[in-house]
Amino acid sequence: WWPRQNKTNGLPLPPGPRPLPLLGNALQINVTQPWLTYAAWGRRYGGIVYSRLLGQDFIIINDEKIARALLDQRGAIYSDRPVIGTNKLFGLDFNTGLLPYGETWRVHRKIFNQTLRGEAAASYHNLYLRKAYDFALNLMDFPDELEAHVQTISASLIMAITYGHEAQTRDDPFVNRIQQVVDIITQVLTPERGALLMAFPLLEHLPAWFPGAAFKRLARPCRELVKEIMERPFEHVKGQMAQGKAPQSMVSDFLTQLHGDSGDAVTEQEQVMMEVAATVCIADSSQTSSTLYVFLLAMVLYPEVQERAHAEISAIVGDDRLPDFDDRSSLPYVEAICRETLRWQPVVPLSLPHATSSNDTYEGYFIPKGANRPHFVLILGMTHDETRYPDASSFKPERHFNPDGQLKDEPIPGNLGFGLGRRICPGLYFADRSMWAAVVTVLASLRLAKAKDPDGREVEVRPDFTTGLAM
Ligand code: HEM
């Protein structure tokens, strides 16, 4: 159907929708929720789909088996990222998630491993709980400011862990700055704009007044904010260390290890740590807060789930104290709620785009090499696979139990919500624990319900999702 075999070693490309000249499949894509189009293509064309967008090749993987075969087992080929000019323009090219597969990325991941691996993430248990209590109190005292509370819990937690900074429980200036960057990223760096820029790199160089280039107005403020987020807290920790009063944090631990060394190597390592720390702040505040929104939405839409969780917590913990991590293994239904939250509405539904470092063949299909040939792993397609998750669009924590009533043995690193392969989310242990603390504390202390209008009638909640941090 698509006469490109001369460029594909005589092999067919994976099946997919018929493209129009020049535009490719651009007009067929739901631009506000592209994952819905990709999921529909998956149902029609199968687990691996080929499409073209403005002259760029896109491969969409909808099937877990294929995703594991390519990303897990052929990680050396499938772990690159597409190069998009806006990353540099907006000062975000340092970000671990956007780095090409290579030495700098490896150094970043090594620091992530040292500072946020399983045991390190576990050492912050008291902090997760303390922030979760603040969150529940904020929700109770100021229920109308939900958005601010969700942003505050994730940003203040990560600030404490990264820099030892105790953010104010409301309206912290630093947390606000991170949020401003995330707002710009979600507004500007969408997958569709990425495709447009890969197709027409010239757009990057046009003045901001040019039609289609207005997004560039946000580039300078974004660069300035990112520089501030990167440098100010880092320098602050160094200053505290010089005075001998720095609290324990990722950055102070790292700098302590460098103590005694000097010269260019140290400057270089400090720069890398500065970049990793800023990545952590930006990555965490968007993904963890979005996951918490999904949880809160599910609890409002499914009050019976909330009731069952209340009953489980009351039976195990009683009503005189709040749950802590020692209770975790005795609260399987709460655990199932966390898993179902990640499955029901994965907050990175397209994962982050991967790119291939060399040509490949899969089941007789040709997979082209190249940084401008992104492939999306459609997490939503995999977590909504009806053969594995019947009635996938409903929130049902029970699906995570075996018929004998035992919670299924599904370790967190295998949770599709965190991606797979070599670029799997390095914050997953931290995210898992901080999310559990917030979920269990809210369930133990609050009852979430729909708002009421002045006549006492419930206000209907209509779930609506927007595109966000994907490229
Ligand atoms: C519930 C919260 C979170 C979810 C659902 C989530 C999900 C994801 C997903 C799906 C990816 C893409 C994986 C891929 O490319 O295949 C990713 C990448 C990443 N995440 Fe997370 N994440 C969460 C929290 C965090 C936190 C707390 C941090 C930092 C502390 C973090 C840091 C990163 C980084 C740095 C990457 C890029 C990795 C790379 O390119 O090598 N994430 N995350």
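## Salt bridges within helices

Arg220 and Glu224 sit four residues apart in helix 10 (residues 219-242), about one turn of the helix. Helices here are DSSP runs of H or I with at least four residues, strands are E runs of at least two, and both are numbered from the N terminus. The model is predicted: local features need pLDDT of at least 70, side-chain atom pairs count only at pLDDT 80 or more, and totals for chains, interfaces and linings use all residues. Residues are numbered from 1 along each chain as its sequence is written, and side-chain values use heavy atoms, without hydrogens and water.

Arg220 and Glu224 form a salt bridge, with the closest N and O atoms 3.3 Å apart. The term means a side-chain nitrogen of Lys or Arg within 4 Å of a carboxyl oxygen of Asp or Glu. Arg220 is exposed at 56% relative accessibility. Glu224 is partly exposed at 46%. Buried is under 20% relative accessible area, exposed over 50%, partly exposed in between (1.4 Å probe, protein chains only).

The structure holds 25 salt bridges. One of them joins Arg74 to Asp360 at 2.7 Å. Arg74 lies in the loop between helix 2 (64-72) and helix 3 (85-89), and Asp360 in strand 4 (residues 360-362), 286 residues apart. Arg74 is partly exposed at 27%; Asp360 is buried at 12%.

## Iron site

Gln287 (OE1) and Cys425 (SG) coordinate the iron atom of the ligand at 2.3 to 2.7 Å. Donors are N, O and S atoms within 2.8 Å of the metal (3.2 Å for Na, K and Ca); water is not among the atoms, so sites may look incomplete. Gln287 belongs to helix 12 (residues 264-301).
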